[in-house]
Amino acid sequence: MRCPRFARVLTVLAAAAMVLAGCDATPAQTDQQPSGPPYTLRVLASAELGDLQGILDDAANATGVRVQLTPSTTLTIARDIADGKADQDYDAAWLASNRYLSIYPGAQAKIEESTLTMSSPVVLGVRTSVADQLGWREDTPVSWSDIARAAAAHQLTFGMSDPGSSNSGLSALVGVATAVAGDGAALQPPQVARAVPRLREFFDAQTLKSGSSKELADTYTRRPEQSVDALVEYESELLTLNRTGSLREPLRLIYPSDGVATADYTLNSLVSAPQAAKDAYARLSAYLRTDDIQGRIMRETHRRPISPHLLAQADFGVHQSFELPFPDRLDVVDDLVATYYGTLRKPARIVYVLDTSGSMAEDGRLDALKRALTSLTRAGASSGPGASFQTREQVTFVPFSSTVGTPSTFDVPETEPQAVLDQIYKYVQHLPAVGGTALYDALIEAYRTIDRQAAQDPDRITTVVLLTDGEWNKGSTPDAFDAFYRTLGPDIAAAPVFPIRYGDNSNAAMDHLATLTGGQVFDGRALPLTTIFPLIHGSQ
Amino acid sequence: MRTDAVLLAVVVVLVPVLLGTAAALRRGGEADVRRIGEAAVPVRTIRMAGDSEYFTDPDVVRELELNGFRIEQKPKGSVGIADLSDLDTAYDVANAGSDNAADHIITALKENHGVTTASKISPFSSPMVIITYQPIVALLEKEGIARKSDNGTWVFEVSAYLEAVRQKKRWIDIQGNAVYRSTNRALISTTDPTLSNSGGMLMAIETYVANDGSPVNDVAAFQQARPESAQLIKSTFVDQGGKLWHTPPLLALFLRDGMSRYPMGMFYEKDYINTKLQDPAALGEAVLMYPNPTVISDNTFVWWGQAGQDFANLLSTDQKLIDLAEKHGYHAITNPVRFANDMAGKGVTIANLDDSQTDVTVAPLPTEKKLTQLITELGK
């Protein structure tokens, strides 16, 4: 069959049709990219799509369409589209899955055109040694029930992204809930309540949380590997992790035998976009579906191409994985997510190590700190993940200057949290600013506090936030802290330090603390604390 | 029944619309001469809401260009077309998966855009089928859902299927099933019937069966008289969970992921034939089944201006375009009888639904209004 030169009028379907017509990647095809006037397409995208940057740069050369990706999370994007928040600022939305556009009322009507671009199922990546202990080989059928059982029996800890914002996290929640309470059909509202006891056992084994799948993979590589046995992640992210060579132990991919939820990355144009954007969208989506680019997506990002012929050339393993029936009802999804936040989620323990030395009085730094902490007590639960202290959280403040102050702990109750939030508010208002910087003494006290707290209440995900504006000049030395940290048991050492660059503190010292403990540095000079605290908080 | 339906369609659709049709058909052999003579006709761009792979076929593109048309397609499910806010101004033609969907679009043009001059024509049609895989056929046979007809095609008994759904049967519940150990319910995968015609066609089929072999023409009365059947039909859609919005993506993923993801899917017969003829490797071991009863979906074009009308006329009269439609698996309305034979000649075995001996019933569709109502009530 002859493979013709398609004019741009054929756009989107051309690529698919050429595949169907048996026009595989012939050299002639590469010069058939539809091109047109330059256009910058504003695309709201699931965060993990940042790994396509190289391909998108080439797309700009070939088609004239430069893609400006704004990273977000799948559920957040779907909500923004439904609420009309995406209409003005974006031309297109590239989601891990369009299923949420069917769920949020009004979202589907905002979509002009949709193009499947690639796929990746959400699976479980288990450290090889742990998988061996559990007897889970590549070809062993392991169900979501088996996974929940291993977690309940303390044979498996895992990390997962936030199911309230991230498709991969919600896929796991749906998978386990369907396995324990479903009847093989998409989950119905009464079944969610029935699933709670088993879900709670499952989530007791969660030792790592993150806001998105991308962040989960990044965080995992920074943590001591023993602290997390497995990740609920896209197949593509796990294959990428395994190939970076940065893991001491590869992750074995387990495809839950009762069903995986596949993300079929769909690029959508918005009805509200201008005509030039819609033309650009058509050129870009046709380009992304050419065999050349589909092959590159497969090789560079380990996502599955849409063409069966290209997929047949790839090695994605031998497993047979069925597809999970994914609930398409808002009440079911809302119910699941609310249950997760309210009762399933392992509550956070956050220790704020706060510099109250004399220098914090300069440039209004202490006032900025107070404002940022105060906003966490005032935002209200509906302001988005991380915007406020959550119910069931345990918050401890370790203030320090020349010496370390007494740690103060606040337990935010499951119901009627406002009274405790008011106590936190009052505490924060009275923080002084005087004296030197006994930074490492304060960190040592923070980990001792965690040790005491964990002895009574171990089932929490713990984080240390360090805010200091100066160099250490009092008390224990950096080396003394390192030596102390290495004596900690693995459960306690698993709590990472998130240092915030602020005032004149030493970049090198902050980087070292983050690397040592598996944390991450935030830049308080580039971003206001009122932004950074919710970021750290929301990922817990 | 099928022949009557075709005749009726020809009378209803063609006669009021086309005056020169019969003449054009008779002079089909002159087409080449005319083409050479008219190679320089000015080309008009037809902006089409809805899409099919037919219009990307280079031979179709060439034939249309020789007759002065170039097509811009907007991929969109049949129901989604009716919701386009700029349908009247940004498009010339709507390409709907069925006559019903076309009526829905005509209603939308009238009610939302004040366009009262829209007309329609159905030059091609395709019966609804189920595409599945051999191991699944074997399981369905055990359950009395699948049986082989005399001409070797597979028949899918819808009433037996509905009974299995009533029992909430999962694949692993099927006795002796060692090949497909899925805990998922045994359900046909469809598109979202509120957005796409092919999903809605299953609604027409199931309600016809539940309504004792006649199309539902009073939805409220049907729900009242048969509440259990109504709930059962609803569950065939709701229990699937999330669905795609359009048939081509469903076909693409069905072909790519094989039976592990979609053990059986609702498609047009032309989807099977087209893939079988153009890209047999993609079809692999897929098996064609005819639901009994099935319905015929008429690929219907709606227009409301001169360019659209001229284009629609050409589609239904140009012999070359009609022959090319068959290449993509469409039954041409002007050629109902020899289609199955033509396909057999190309190595594609299909059921001859025009044959009075066929053991697959072709059910008439409910009216557009009633089907939309059924989908609203039971499709989500």
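Student: In what order do the six strands of the open sheet in chain A lie?

Tutor: Strands of a sheet pair through backbone hydrogen bonds, either parallel or antiparallel. In this predicted model, the open sheet of chain A has the order β14-β13-β12-β15-β16-β17, and its pairing is mixed.

Student: Which are the edge strands?

Tutor: They are β14 (408-411) and β17 (522-523) of chain A, each of which pairs on one side only. 

Student: In which sense do β12 and β13 of chain A pair, parallel or antiparallel?

Tutor: Strand β12 (residues 348-355) and strand β13 (residues 394-400) of chain A pair in the parallel sense, over seven bridges. One position may be followed across the pair: A:Val351 has A:Thr396 in β13(A) as its bridge partner.

Student: Which strands does helix α16 of chain A touch as it packs on the sheet?

Tutor: Helix α16 (residues 365-378) of chain A touches β12, β13 and β15 (461-467) of chain A, and its direction makes about 165 degrees with that of β12(A). Helix α18 (residues 439-456) of chain A also packs on the sheet, where it touches β12, β13, β14, β15 and β16 (497-501) of chain A. The direction of α18 makes about 155 degrees with that of β13(A).

Student: How many helices and strands does chain A have?

Tutor: Chain A has 22 helices and 17 strands. Its radius of gyration is 25 Å, close to the 24 Å that the globule rule gives for 540 residues, so chain A is as compact as a globular protein of that length. Along the principal axes, its C-alpha atoms fill a box of roughly 80 × 50 × 45 Å.

Student: What share of chain A is buried?

Tutor: A residue is called buried when its relative accessible area is under 20%. By that criterion, 61% of the 540 residues of chain A are buried. The chain exposes about 19500 Å², of which carbon and sulfur atoms supply 51%. Among contacts in chain A with a separation of 6 or more, 78% are between residues 24 or more positions apart.

Student: What does the side chain of A:Ser210 reach?

Tutor: The side chain of A:Ser210 reaches the backbone oxygen of A:Ser212 at 2.8 Å. A:Ser210 lies in strand β7 (residues 206-210) of chain A and is buried, with a relative accessible area of 1%.

Student: May we turn to chain B? How many helices and strands has it?

Tutor: Chain B has 19 helices and 10 strands. Of its 380 residues, 60% are buried.

Student: Why is strand β8 of chain B described as largely enclosed by the rest of the structure?

Tutor: Strand β8 (residues 286-292) of chain B is so described because seven of its seven residues are buried. B:Ala286, B:Leu288, B:Tyr290 and B:Asn292 point one way from β8(B), while B:Val287, B:Met289 and B:Pro291 point the other way.

Student: Which strands do bridges join to β8(B)?

Tutor: Strand β4 (residues 119-133) of chain B runs antiparallel to β8(B) and is joined to it by four bridges; B:Thr132 has B:Val287 as its bridge partner. Strand β6 (residues 154-157) of chain B runs parallel to β8(B), also with four bridges, and B:Trp154 stands opposite B:Met289.

Student: What kind of peptide bond joins B:Asn292 and B:Pro293?

Tutor: It is a cis peptide bond, with omega about 0 degrees. B:Pro293 is placed in the loop between β8 and β9 (296-303) of chain B.

Student: Where does A:His302 lie?

Tutor: A:His302 lies in the loop between α13 (291-301) and α14 (308-313) of chain A. A:His302 has a positive phi of about 60 degrees although it is not a glycine, and it is buried, with a relative accessible area of 12%.

Definitions and conventions: Residues numbered from 1 in each chain as written. Chains lettered and ligands numbered in written order. Predicted model: local features only at pLDDT ≥ 70, side-chain atom pairs only at ≥ 80, totals over all residues. Heavy atoms only, no water. Pairing = 2+ DSSP bridges. Helix = DSSP H or I, 4+ residues; strand = E, 2+ residues; numbered from the N terminus. Contact = heavy atoms within 4.5 Å. Axes fitted to C-alpha atoms, helices over the stretch in contact; angles between N-to-C directions. Buried < 20%, exposed > 50% of the residue type's maximum accessible area, 1.4 Å probe, protein only. Rg over C-alpha atoms; globule rule 2.2 N^0.38 Å. Areas by Shrake-Rupley, 256 points an atom, 1.4 Å probe, with all protein chains shown as cover. Polar contact = N/O pair within 3.5 Å; in protein donor to acceptor, adjacent residues only side chain to side chain.
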